[in-house]
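Me: I would like to learn how to read a pocket and a sheet in a model such as this one. Could you take me through them?

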Amino acid sequence: MTDIEASPPYDEKLEKIEIEVLLEAIYLRYGYDFRDYAYPSLRRRIWHRLSLEQLGTISLLQSRVLHEREAFERLLSDLTIPVTEMFRDPGMFEALRRRLIPAMREIPLLRVWHAGCASGEEAYSMAIQLEEEGMLARSHIYATDISKACLQLARKGAIPIDRMRLYTKNYQAAGGKRTLSSYYELSHGGAKLHPGLVERIVFAEHNLVTDRSFNEFQVIFCRNVLIYFNAALRERVHGLLYESLAPGGFLVLGGKESVAYTGFAGRYETWDDEFRIYRKTR
Ligand SMILES: C[S@@+](CC[C@H](N)C(=O)[O-])C[C@H]1O[C@@H](n2cnc3c(N)ncnc32)[C@H](O)[C@@H]1O
């Protein structure tokens, strides 16, 4: 959906004021801070919600969101964009297996953090890869998100069966050593990942905007999250990620994300430019 389709003719300045007030209201009422998210994407998502709620102005949406928790949850789900896949960008997972995992083989206890894990597919993929490399038993995987709804789903390890065709293709392209079906059972029309795999992952609420570092990790995935932040917020979150990374640790970003042009560029070496893998050097 383009911006033009999404919004009726609307005074640009007024729209900006209303959006600012809406975000401030959400922050004061619910503690979620979207004030430094990238404006064009926020704007698009707010108009999308407005049209689904059949409301004419952002101020009306603000009122509904303040008074009805469910309306806020619906908007929250729009603003957080919980889109994900297992073995998303298979080439990146293949590069991890080929280059990064060998570099970590000697580490006695591997701590991995998936920051902005959505419904868990990225963390499940890493768990499978570590299992196939004989490293899962000595790995701790933490997967965090701001969305409670996503985390609830993630802990279940249930995946709609219609996603499995794509995930199987991704798994194979990522250099999977078995078959993806060896990690799940079919039940109630869906796929349920083996509990032994899901239970290896600690799913927890963590807000990259307002919460602090909570451990030191050898690998941090923060993929397809920073693109939704403005430059100032990206810089702040890069600080948090850097602080949370062990010396020599790896930062894995999404295809459109980078440490270049941030205050942290000089503190990483580019380990893999194509798949946005960086290694902390100092
Ligand atoms: C597009 S998904 C990316 C999921 C996964 N990393 C991937 O690449 O497939 C973005 C996720 O970031 C989460 N997110 C957005 N803002 C966040 C914040 N401030 N703190 C933590 N997670 C956040 C959203 O809830 C959403 O689940």
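Me: Which helix and which strand each supply at least two residues of the lining of the largest pocket?

Reply: Rolling a probe the size of a water molecule over the atoms shows where empty space is left. Here helix H5 (69-80) and strand S2 (139-145) each supply at least two lining residues; helices (H or I, at least four residues) and strands (E, at least two) are DSSP runs, numbered from the N terminus. A pocket is an open set of points on a 1 Å grid over the protein atoms alone, where a 1.4 Å probe fits, with protein on both sides within 12 Å along at least five of seven lines, and lining residues have an atom within 4 Å of a point. This is a predicted model, in which local features need pLDDT of at least 70 and side-chain atom pairs 80 or more, while totals for chains, interfaces and linings use all residues. Numbering starts from 1 along each chain as its sequence is written, and side-chain values use heavy atoms, without hydrogens and water.

Me: How many residues line the largest pocket, and which lie nearest its centre?

Reply: The lining has 29 residues, with Thr80, Ile81, Gly116, Asn224 and Val225 nearest the centre. It draws at least three from each of domain 1 (3-80) and domain 2 (90-280), bounds that come from an automatic or database domain assignment.

Me: Where does S2 sit in the open sheet?

Reply: Strands of a sheet pair through backbone hydrogen bonds, either parallel or antiparallel. The seven strands follow the order S6-S2-S1-S7-S8-S10-S9, with mixed pairing (two strands pair if DSSP finds at least two bridges between them). Strand S6 (201-205) and strand S9 (268-272) are the edges, each pairing on one side only. Six bridges join S2 to strand S1 (residues 110-115), and the two run parallel, with His114 opposite Ala143 in S2.
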